[in-house]
Amino acid sequence: MRKGTSLSVTDQFCGAGGSSQGAARALAPIGGHVKLAMNHWKLAIETHNHNFPDTLHDCTDISACDPRRYPSTNILLTSPECTNHSLAKGQKIVKKQLELFDKGIIDPAAERSRATMWDVVRFAEYHQYEGIVVENVVDARNWVLFDSWLTAMRNLGYLHKSVYINSKHFHPTPQSRDRMYIVFWKKGNPAPDLDYRPKAYCKCCGKDVEAFQYWKNPNIRFGKYGKQYVYKCPVDGSTVEPYYYAAFNAIDWSDIGQRIGDRNKPLSANTLRRIETGLKKYGNSPMILKAEHANSDNVRSAYHAFQTQTTRQSMGLVVPYIIEMNKTSKMKPAAEHATSTFTGGGINHALFVSNYSPGYAKPLTDSLGTVTTSDHHALLTMEAMSAFVHYYNSNTTLSKIDEALGTITTKDRCTLVSYKQPLIEDCHYRMLKPHEVKAAMAFEPDYVVLGNARDQVRQLGNAVTPPAMEWLVKQLAQTLL
């Protein structure tokens, strides 16, 4: 175990810099820094260099370079190519029987994707890092050579633990993104504490608890949140839902898009079908549509976390209400965690939300959250002339939303009632913008991603969410000092 006051990091497949952001935040209190960043894409290196000007950069094919060219560091962060390990491409994972060999065809992309996993071994053999964090998709666990890869790392003197976590449980990431992180440390060094315990509200206990990961099948301890594992209360064992930021928090509500009925180019039949499905399921709530997988209805409420962001600009926003600005009411982008209250003077259609940290927004069917001394509520009325507030302490007390509320008491007694169902042509639709994708990935607000919109989304979709890497590096660093 080393003794010192700071740690240095190599970001082997740095991309746009998600891992580097997380590491920089984790190591800042001890003066640590990202010393070296590498990537084969010139634009990604330019983005990383713009944000980390004091870091050494090399644009190179990592699979073809010599590890001896580079300075050694204490920690290696690496994200080998994952696209050909993932089921997201709609293809079977390559296992023991390779169809492409049966056909006499070798897929260069698939070969490169798997080859990059061995670059971790090559660099570790020469530099003997004290700690390593490898990020990949969960499906990479099914790679036929995965166990052999782990054996090679053990032969280099490393112990490891595989950590399966979802990015939405690392605030403020408003995205459900399942990933596998394999953390290595040298034999003889203390093992890092990698049991993540997110905060969750337990109904049985009536309070927040530090939840623990529970595998549905004890014999299969890898997989994705909700499918293979859940979180449970450590007191009574009940299943709990950890707090998370919703997609609502990353959306720039100053731009709700174009009214569908006014579009010059009609939306596709599949998109219209998804919107209709969403309206039936979520009523007046804003929705996120994913334009991939044409045979499924990839639609969810904006009050849920985003689906996994890929390298494509594939998500669109559907807003079944209209927000008009006036001189007295100003809406801030939700990505800035705006909690301003909006009056009804300049609003025709809207929705009521409760915007408490960590970004949970209640649907219209729920009661209004407790009103505190802080400004935590935003009023986005669905239809100003078709919405009113009802008070539970009276059978007749009602008020329009453009009128003053009745006296707020110490109990939840106010609810907003809205009953107009919008037509599809009256909904607004647009694709998500790069700055919203950046917020969905939980990049720093002032972080600069270079290139056109398509290039920015590609860089972001390939990135690691910084809050998850920040926690992992922090846990590892504590054992190295």
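How many aromatic pairs does the count come to? The count comes to 17, where rings of Phe, Tyr and Trp (its six-membered ring) pair if their centres lie within 6.5 Å.

This is a predicted model, in which local features need pLDDT of at least 70, side-chain atom pairs count only at pLDDT 80 or more, and totals for chains, interfaces and linings use all residues. Residues are numbered from 1 along each chain as its sequence is written, and side-chain values use heavy atoms, with hydrogens and water left out.

Select phenylalanine 146 and tryptophan 149. Their ring centres are 5.8 Å apart and their planes at 35 degrees, so the pair is tilted; planes under 30 degrees apart count as stacked, over 60 as edge-to-face and the rest as tilted. Both residues lie in helix α5 (residues 146–155); helices are DSSP runs of H or I, at least four residues, and strands are runs of E, at least two, numbered from the N terminus. Phenylalanine 146 and tryptophan 149 are both buried (under 20% relative accessible area, 1.4 Å probe, protein chains only).

Next, select lysine 186 and tyrosine 158. The charged end of lysine 186 sits over the ring of tyrosine 158, 4.4 Å from its centre (NZ of Lys or CZ of Arg within 6 Å of the ring centre and within 35 degrees of the ring normal).

Move to strand β11 (residues 229–232), which four bridges join to β10 in an antiparallel run; strands pair if DSSP finds at least two bridges between them. Valine 230 in β11 is the bridge partner of tyrosine 214. Over the ring of tyrosine 214 sits the charged end of lysine 232, 4.8 Å from its centre.

Terms used. Buried < 20%, exposed > 50% of the residue type's maximum accessible area, 1.4 Å probe, protein only.
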